[in-house]
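Dear colleague,

Please read the notes with the model open beside them.

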Amino acid sequence: DLLSDKRIQPARIEEIVQNNQKDAEKLILKLGEQVLSEMGITGFPDEVVSLIGKLRFRTSFGQNILKHSQEVAYIAESIAKQVGADSDIALKGGMLHDIGKARTKKMINGGVTFYNHEIVGAKMVQKILRRLKFSTSDSERIVTLVRNHMFYYNVDEVTAASVRRLI
């Protein structure tokens with residue numbers, strides 16, 4: 001646009017940047033809406049939908065974080081169903097488990113880090129769910145899943161009962 005109309009001026013540059021930012025924000029929101037719709041998750045405000053859409057443009061260990069979050073959500077839902085736990089809580093917790101990565105990406109020594117994303121994400125999710133008037137019980141369970149997803153568990157010691165208690 002700048003070269004075609006030959007008006008390369010600071011005000012024109014700023015106008016183009018603002019238009020492109022608006023287009024990017026619309027795209028990010030649309031991506032979040034599509035994923036949540038596919039998964040049957042409703043009721044999240046645009047602020048959260050946009051954060052989820054932003055994950056489409058983040059990678060961790062070579063994997064797209066949005067796709068990873070979807071996969072985790074489906075696996076968590078499946079496990080919850082198998083052990084008799086709340087599959088809706090597991091689905092939402094799985095989808096939101098890396099939401100903190102949308103806000104914690106940092107470049108350090110030529111590498112990317114998402115240091116403390118689980119803590120940042122848990123705080124974000126807690127505020128969001130409170131605002132959405134989730135029950136205290138549901139909110140605490142989802143926040144617990146987000147906060148503790150980086151904790152190492154020995155899979156040989158995890159029981160169905162412990163999973164039900166967690167979810």
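A crossing of two helices is called right-handed if the near helix is turned clockwise from the far one by less than a right angle, and left-handed if it is turned anticlockwise. Please keep in mind that this is a predicted model.

In that sense, H4 passes H5 in a right-handed crossing. Helix H4 covers residues 65-83 and helix H5 residues 87-96, and the two pack with their axes 7 Å apart at an angle of about 160°. Since angles over 145 degrees count as roughly antiparallel, H4 is therefore roughly antiparallel to H5. On the H4 side the contact is made by Leu-66, Ser-69, Gln-70, Val-72, Ala-73, Tyr-74, Ala-76, Glu-77, Ala-80 and Lys-81, which meet Ser-87, Ala-90, Leu-91, Gly-94 and Met-95 in H5. Sorted by class, this contact of H4 with H5 holds nine nonpolar, four polar and two charged residues.

H4 also packs with helix H2, residues 10-39, where the axes come within 12 Å and cross at roughly 15°. With angles under 35 degrees counted as roughly parallel, H2 and H4 are therefore roughly parallel to each other, and their crossing is right-handed. Here Val-35, Glu-38 and Met-39 in H2 meet Leu-66, Gln-70, Ala-73 and Tyr-74 in H4. By class, the contact of H2 with H4 has five nonpolar residues, one polar and one charged.

Notes. Residues are numbered from 1 along each chain as its sequence is written. This is a predicted model: local features need pLDDT of at least 70, side-chain atom pairs count only at pLDDT 80 or more; totals for chains, interfaces and linings use all residues. Side-chain values use heavy atoms; hydrogens and water are left out. Axes are lines fitted to C-alpha atoms, for helices over the stretch in contact, and angles run from 0 to 180 degrees between N-to-C directions. Helices (H or I, at least four residues) and strands (E, at least two) are DSSP runs, numbered from the N terminus. Angles under 35 degrees count as roughly parallel, over 145 as roughly antiparallel, 65 to 115 as roughly perpendicular and the rest as oblique. Contact means heavy atoms within 4.5 Å. Ala, Val, Leu, Ile, Met, Phe, Trp, Tyr, Cys and Pro count as nonpolar, Asp, Glu, Lys and Arg as charged, and the others, Gly among them, as polar.
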